[in-house]
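I opened this structure to look up a few things and keep notes on them. The entries below are in the order in which I looked.

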Amino acid sequence: MNSIIPQLIVNSIIAGSIYSLVALGFNLIFGTTKFFNINHGVVSTIAGYTVFSLAKNHGMDIWLAIIIAVIFTGFVGYLSEKFVFLKMREKRASGMVMLVASLGLFTALQAIIAIIFTSQFQTISTNFGESKVYNIFGGIITETQLIILAAAILITAVLGLSMKYTKFGKAVKAISDDVEVAKIVGINANKIIAKVFFIGSMIAGVAGIAIGFDTGIEPTMGMNLLLKGVIASIIGGVGNVYGGVLGAFFLGFVENFGIWKISGEWKDAIAFGVLILFLIFKPGGIMGKKG
Amino acid sequence: MSTLKLHNFNKHFYGVKAVNGLSLEFESGKITGLVGPNGSGKSTLINLITGVIPKDSGTIFIADGFKTDKIRAQDMYDYKITRTFQNVRVFEQMSVLDNLMVVLTHRNALGALFERKKNLYEDRTIAILEKLDISEKKHELAVNLSYGQRKLLEIGRAIAMDSDIILFDEPYAGLFKEMIKKVSEIIKELREAGKTVILVEHNMEIIRDLCDTVVVLDAGELLAHGKPETVLKQRDVVDAYLGE
């Protein structure tokens with residue numbers, strides 16, 4: 001076997017894990033509200049910077065900082081729904097108006113992060129999860145990356161099972177299908193959507209923290225992360241929880257194997273090329289809605 | 001006894017009066033037919049009562065003296081009102097079973113997390129599906145059902161809600177003869193159970209057979225109100241609509 005292939009596989013899996021976390025949150029929110037929440041990207045950034053601030057600047061225990069950051073980003077998402085998007089939905093704003101509003105919120109929050117922390121690239125920690133390195137069939141994987149992979153698997157499983165077996169999951173599906181009918185049959189759609197924003201934003205927060213530990217953080221990282229999550233969602237099937245995960249790993253593999261023989265700068269071109277191919281030939285994605 | 005009273009309901013679309021100063025009463029244990037030519041305001045009225053479209057003005061009175069001007073879709077569950085739609089609306093990406101389970105299960109915080117009393121609800125759901133003859137489809141996605149089966153599923157959801165006031169918007173449209181018979185049986189059972197049933201329907205045979213009272217609308221206004229055998233013979237009603 002070519003010696004580079006195991007490493008490419010490892011890199012693909014790690015990229016897929018991070019993209020899947022963004023796609024999970026994005027799909028959960030999009031599937032429920034049917035609006036393209038650009039603000040989802042900056043929520044990841046906020047999580048990364050919260051850990052950076054608490055752990056690196058204030059010396060807090062890293063795991064405690066991660067937990068606080070994830071919950072905090074959940075609240076950021078929740079508040080954005082409660083005080084911006086819900087108000088607009090109540091005024092029957094169109095999807096385009098909602099999109100522009102979420103872009104505005106994204107830009108404002110990104111600017112605030114840059115003002116507080118500067119625009120410089122930062123690393124979260126130099127001694128967390130980097131002490132151990134494993135060799136799997138010739139591919140090198142760090143302890144941090146293993147934690148990211150485990151987090152992605154765990155979050156996907158918990159979310160998937162919750163959607164299938166809990167009343168909450170069924171209510172989310174009902175709202176996703178027909179919010180008006182869901183309201184008439186007694187489902188408190190606004191409350192459920194607020195919870196969806198909280199959960200989806202927490203998952204995006206995990207993705208931001210994962211990126212922070214894997215490479216580093218910068219105020220503009222949210223847009224790139226969001227775009228990869230969105231591409232994964234479209235490839236897998238927008239609004240489908242498992243579809244987004246499948247699309248994320250597919251994207252991770254295509255990106256990393258795509259640059260096997262060429263420069264890494266081609267990564268984004270390959271990702272968007274695949275997106276365009278899917279939009280032309282399979283716009284519903286791999287696991288698009290049935291019927 | 002009147003369980004649903006509407007006072008001065010108004011709705012206009014771009015200057016056209018779809019519902020014009022309507023005040024009506026609907027009694028419990030009775031089936032009221034809501035008829036009129038296309039565009040007379042029947043579906044608009046149902047959409048106003050259930051908060052699907054916002055009204056310009058109007059007050060709703062529900063049993064026990066409850067009165068409100070605030071009519072929103074999300075309040076229907078508390079007001080014990082439910083409905084079906086002219087163009088069938090079920091949760092298409094959910095299984096037939098889940099379409100009913102989602103309206104039956106607990107709504108409190110703990111119940112929202114895990115489906116307590118799942119077996120009890122599942123038994124009730126299956127009993128309703130068996131009554132509608134679609135229990136063998138319980139694990140299929142609703143989107144894969146035929147139009148008629150989806151119509152029955154939507155009616156099943158209305159039964160599962162156990163509301164006091166049920167509004168059926170053309171429940172027979174697109175149904176086969178056997179299905180029509182089944183739906184009529186269900187609507188009669190609801191009357192026996194003391195529910196207030198409002199039925200929008202074009203088929204006068206069904207109206208005569210089922211309804212205790214008929215309300216005839218024309219251009220968003222009340223044209224006639226009374227027993228079917230009397231109202232459907234009125235000259236102005238025949239002129240405005242029937243011509244059968």
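**Entry 1: chain B as a whole**

I noted at the start that this is a predicted model. I looked up the secondary structure of chain B and found 10 helices and 10 strands. I then checked the radius of gyration, which is 18 Å for chain B; the globule rule gives 18 Å for 244 residues, so chain B is as compact as a globular protein of that length. Along the principal axes, the C-alpha atoms of chain B fill a box of roughly 55 × 40 × 35 Å. I also looked up burial, and 44% of the 244 residues of chain B count as buried. Last, I took the contacts in chain B between residues at least 6 apart in sequence, and 67% of these join residues at least 24 apart.

**Entry 2: B:Lys67**

I looked for B:Lys67 and found it in strand β5 of chain B, which covers residues 66–68. Is B:Lys67 buried or exposed? I counted 10 C-beta neighbours inside 10 Å, and a residue with 12 or fewer is exposed, so B:Lys67 counts as exposed. Setting aside neighbours within four places in sequence, I found B:Lys67 in contact with B:Thr59 and B:Phe61. I also checked B:Lys67 against B:Leu4: the two are 63 residues apart in sequence, and their C-alpha atoms are 9.9 Å apart in space.

**Entry 3: α10 and α11 of chain A**

I turned to chain A and to helix α10 (residues 241–258) with helix α11 (residues 267–281). Their axes come within 9 Å and cross at roughly 135°. That angle makes α10(A) oblique to α11(A), and the crossing is right-handed. On the α10(A) side I listed A:Leu251, A:Val254, A:Glu255 and A:Gly258 as making the contact, and on the α11(A) side A:Lys267, A:Ile270, A:Ala271 and A:Val274. By class, the residues of this contact are five nonpolar, one polar and two charged.

**Entry 4: α2 and α9 of chain A**

I looked up another helix pair, α2 (residues 39–57) and α9 (residues 221–236) of chain A. At what angle do they pack? The angle is about 125°, and the axes are 7 Å apart. The helices α2(A) and α9(A) are therefore oblique to each other, with a right-handed crossing. From α2(A), I noted A:His40, A:Gly41, A:Val42, A:Ser44 and A:Thr45, which meet A:Met221, A:Gly222, A:Met223, A:Leu225 and A:Leu226 of α9(A). The contact of α2(A) with α9(A) has five nonpolar and five polar residues, and no charged ones.

**Entry 5: two positive phi values**

I looked at backbone angles next. Most residues other than glycine have a negative phi. A:Thr118 is not a glycine, yet I found a positive phi of about 70° there. A:Thr118 lies in the loop between α4 (95–117) and β1 (133–136) of chain A. I counted 11 other C-beta atoms within 10 Å of A:Thr118, so it is exposed.

Where is B:Asp162 placed? I found B:Asp162 in the loop between α6 (147–161) and β7 (165–169) of chain B.

Definitions and conventions: Residues numbered from 1 in each chain as written. Chains lettered and ligands numbered in written order. Predicted model: local features only at pLDDT ≥ 70, side-chain atom pairs only at ≥ 80, totals over all residues. Helix = DSSP H or I, 4+ residues; strand = E, 2+ residues; numbered from the N terminus. Rg over C-alpha atoms; globule rule 2.2 N^0.38 Å. Buried ≥ 20, exposed ≤ 12 C-beta atoms within 10 Å, placed from the backbone. Contact = placed C-beta atoms within 7 Å. Axes fitted to C-alpha atoms, helices over the stretch in contact; angles between N-to-C directions. Parallel < 35°, antiparallel > 145°, perpendicular 65-115°, else oblique. Left-handed = near helix turned anticlockwise from the far one by under 90°. Nonpolar A, V, L, I, M, F, W, Y, C, P; charged D, E, K, R; others polar.
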